[in-house]
Amino acid sequence: MQYFTTGDGLRLAFDETGAGVPMLCLAGLTRNMGDFEPVVERFAPRARIIRLDTRGRGASDHDPDFHNYNVLREGHDALELLDHLGLKRATILGTSRGGMIALVLAAGHADRVAGICLNDIGPVVDPQGLAHIMGYLGERPGYASYDDAAHHLMQAMQARFPGVGHDQWRAYARRLWIETPEGLDLRYDPALRRAVLEQSAAGAMPDLWPLFEATRAIPMALIRGANSDILSRETAAEMCARHPDMIYAEVPDRGHVPFLDEPESIGLIGRFLDRLET
């Protein structure tokens, strides 16, 4: 793990592994670089995989001003990381919130974006999924250990992630939470909840289709969990219609978000890299 300092003085963690096409991995709202371990394991031989812990997540500094937890500031952090590494352009693999950041960068800094692969996110976010996220955002999980979390997640997530076993849920829990003598704790700043609540109170979510339209000249790929409550099948179909060259894969037995270790996810990322390398 390495660190760099942003223009406003935060120390952010990142990791880079492999050689080839630079691929910047941006995680979801409460997630961190650990989610991209399967991508490193599978694709480091053919891509320079750069994983960022966005401000307030993972090993990165928490921001004393929670208002800075927004996609514009987080997109600027991503650009500062590219500058730190001396990279003019990179492909972005963005999961959920990370995909939103990628779309913002495509609209405002297209010259820095060589391609975008979205993991279960699009211009329309299902309110049901948002409500589910707000149900736990910023709250300690209440599990005694990683094994305890895995046991309960197997039951709670069965409808959207059927067939996912104890070991995989334990790996999920290890990436998301910290194990302490008092039980599991958050691996992100709980003030993220205040940021999201204030941003939601500011008004209805703006129309994000113009951001997606800005990707027309950029190589695109999209992964969708078949049971996703964030990205509907209808929105994914509209994205494919508006960007007919976009590579698309739906992952069965996965909700929000696919783990990126599934054959469908691995196959799509491989085909996407093929396109970027030609």
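Is Leu260 buried or exposed in this structure? At 2% relative accessibility, Leu260 counts as buried, where buried stands for under 20% relative accessible area, exposed for over 50% and partly exposed for what lies in between, with a 1.4 Å probe and protein chains only.

Before I continue, a word on the model. It is a predicted model, in which local features need pLDDT of at least 70 and side-chain atom pairs count only at pLDDT 80 or more, while totals for chains, interfaces and linings use all residues. Residues are numbered from 1 along each chain as its sequence is written, and side-chain values use heavy atoms, with hydrogens and water left out.

Let me return to Leu260. Its phi is near 70°, a positive value in a residue other than glycine. Leu260 is found in the loop between β10 and α10 (263–277); helices (H or I, at least four residues) and strands (E, at least two) are DSSP runs, numbered from the N terminus. Val257 is found in that loop between β10 and α10 as well, and a cis peptide bond, with omega of about 5°, joins His256 to Val257. Ser96, which is not a glycine, also has a positive phi, of about 50°. Ser96 is placed in the loop between β5 (90–95) and α3, and at 11% relative accessibility it counts as buried.

I turn now to the interior. A nonpolar core is a set of buried Ala, Val, Leu, Ile, Met, Phe, Trp, Tyr and Cys residues joined through side-chain atoms within 4.5 Å. The largest such core has 63 residues, and Leu24 and Trp177 touch the most other members. Helix α3 (residues 97–108) gives the most to this core, namely six residues. Apart from this core lies another, of 23 residues, among them Met23, Ala44, Ile223 and Leu273. Leaving aside residues up to four places away in sequence, Trp177 touches several residues, including Pro141, Tyr143, Leu153 and Arg187; contact means heavy atoms within 4.5 Å.

Next, the packing of helices. The axes of α2 (residues 71–84) and α3 come within 9 Å and cross at roughly 75°. Therefore α2 is roughly perpendicular to α3. Axes are lines fitted to C-alpha atoms, for helices over the stretch in contact, and angles run from 0 to 180 degrees between N-to-C directions. Angles under 35 degrees count as roughly parallel, over 145 as roughly antiparallel, 65 to 115 as roughly perpendicular and the rest as oblique.

What are the buried residues of helix α9 (residues 233–242)? They are Thr235, Ala236 and Met239. These residues are on the same side of α9 because they cover an arc of only 100° around the axis, the arc being that of the directions from the helix axis to the C-beta atoms. The exposed residues Glu234 and Ala241 are carried on the face of α9 turned away from its buried side. The buried residues of α9 pack against β6 (113–119), α8 (209–213), β9 (220–225) and β10 (247–251).

Finally, the cysteines. The structure holds zero disulfides, a disulfide being a pair of cysteine sulfur atoms within 2.5 Å. Cys25 is in no disulfide, and the nearest cysteine sulfur, that of Cys117, is 9.3 Å away. Cys25 is buried, with a relative accessible area of 0%. Cys240, by contrast, counts as partly exposed at 22% relative accessibility.
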